[in-house]
Amino acid sequence: MPNPIFPSSRPDRIRNMLADLVGFDTISDRTNLPLIAHIESYLAFLGIKGERIVDETGQKASLWVTIGPEDRPGLVLSGHTDVVPVMGQDWSHDPFKLIERDGKLYGRGTTDMKGFVAVCLAMVPEMLEAKLNTPIHLAISYDEEVGCVGVRPMLTEVAKKKVRPLGAFIGEPTEMKVIIGHKGKHGVRATFRGLARHSSIAPDGVNAIEYAAELITEIRRRAVKLAGRVERNSLYDVPHSTLLTSIVHGGAALNIVPDTCTVDFECRGIGISESREVTDAIVAWAKAELEPAMKARHPECGIDLEEILDYPALDTAADAAIVTLAKQLAGRNDHAKVAFGTEASLFAGMADIPSVVIGPGSIAQAHTPDEFVEMAELEKCADFVKKLIAHCAKG
């Protein structure tokens, strides 16, 4: 392995690390263990041992790393290792090979969010050299893209520790803007169980799609009502909670009364638990209004409802110490909120760790073909981490 401490300049250390990370295909339906093992080997070279938290399948793992004293409250730099699929996207090159052109680094996950993880790892030698009085923790998770899954077991373990971190910086792409809030999200799948019949005797069947259509209409009606509740002086670009039907599947043939239909719907709520409250109300409505009508037609008909995704909103106070520190480190006085979700709300909700979202790159590049992050953004992030190191060295 090349010497990771002094391969050359800091930008080259970041490039090398990002190239390594992008080279691992960590789409969410695949294992991330080779990437985690690579990070562990790098840290072991530097004399650091992380704490691996493995999932029930044994195919995914998070990593919790402490640099500095373990008996004092520290600050967390957090990022996820999984990326979204590339299938169906028109890439101009291998998405799992880092390519640099005109100051832009291309590859799946460069923006979301291996760029941030690469910066943090590349800066570990500087953390060690600084002899930190306040520890810096690296929280590296999995399966963020499919519902913030992997960070939860890690936070369960962190919450048990004797010393709780002072705060966390979640490095999702914000162009290094300080983000103090984001909407929560709750997703539900409704599976309608109807009764199939030949379409020539349609009245003898129970049409699952038609009952699903009633649910979709109700969702739309409530979405319009939510849109009318605009939050004044909101920092959100969409200043109200949103609700929509996202996926519908049903039917087998034109001449068959459909006996099944699935409807996936979601709410993104401004309030901490508003998204769940909205969807819970819709579930209750469907159970009270639609299912009895279906069962009256045939007792085996009905609706199965299941949660498919859930994370709370983030709402960190603008005058919180972690926000003030983030602004000092980023060299800016402003803050904002975003519509997309992050693990920050789980740090706050599960482990009582005040959190902000701040990281290199633009969300506009996330999940796109030829995803890229600008080297200038990674250097701004490195400067942020450099100032954090200085802050933690002072204690």
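Guide: Start with α3, which gives the lining of the largest cavity its largest share, four residues. Bear in mind that this is a predicted model.

Visitor: Which elements supply at least two residues each of that lining?

Guide: β3 (75–80), α3 (110–122) and β6 (136–141) do. Among the lining residues are L77, F116, V117, L121 and I140.

Visitor: How much space lies in the largest cavity?

Guide: About 40 Å³. The structure holds one cavity of 30 Å³ or more.

Visitor: And how do its lining residues divide into nonpolar, polar and charged?

Guide: Eight are nonpolar, two are polar and none is charged.

Visitor: Now the largest pocket. What is its volume, and what lies closest to its centre?

Guide: The pocket has about 340 Å³ of space. It is lined by 15 residues, and E144, E145, R268, G341 and H367 are the closest to the centre. The lining of this pocket has six nonpolar, three polar and six charged residues.

Visitor: Switching to α10: which of its residues are buried?

Guide: M375, E377, L378, C381, A382, F384, V385, L388, I389 and C392. Seen down the helix axis, these fall within an arc of 165°, so they line one face of α10.

Visitor: What comes just after α10?

Guide: G395, with a positive phi of about 80°.

Visitor: Which residues does UniProt list for the dimerisation domain?

Guide: The unreviewed entry lists 180–292 as "Peptidase M20 dimerisation". That span is 35% helix and 28% strand, and its end C-alpha atoms lie 44 Å apart.

Technical notes: Residues are numbered from 1 along each chain as its sequence is written. This is a predicted model: local features need pLDDT of at least 70, side-chain atom pairs count only at pLDDT 80 or more; totals for chains, interfaces and linings use all residues. Side-chain values use heavy atoms; hydrogens and water are left out. UniProt positions are given in the numbering used here, feature names are shortened, and annotations may be inferred rather than shown by experiment. Buried means under 20% relative accessible area, exposed over 50%, partly exposed in between (1.4 Å probe, protein chains only). The arc is that of the directions from the helix axis to the C-beta atoms. On a 1 Å grid over the protein atoms alone, a cavity is a set of points where a 1.4 Å probe fits but cannot get out, and a pocket is an open set with protein on both sides within 12 Å along at least five of seven lines; lining residues have an atom within 4 Å of a point. Grid points are joined across faces, edges and corners, and a volume is the space filled by probe spheres set on the points. Ala, Val, Leu, Ile, Met, Phe, Trp, Tyr, Cys and Pro count as nonpolar, Asp, Glu, Lys and Arg as charged, and the others, Gly among them, as polar.
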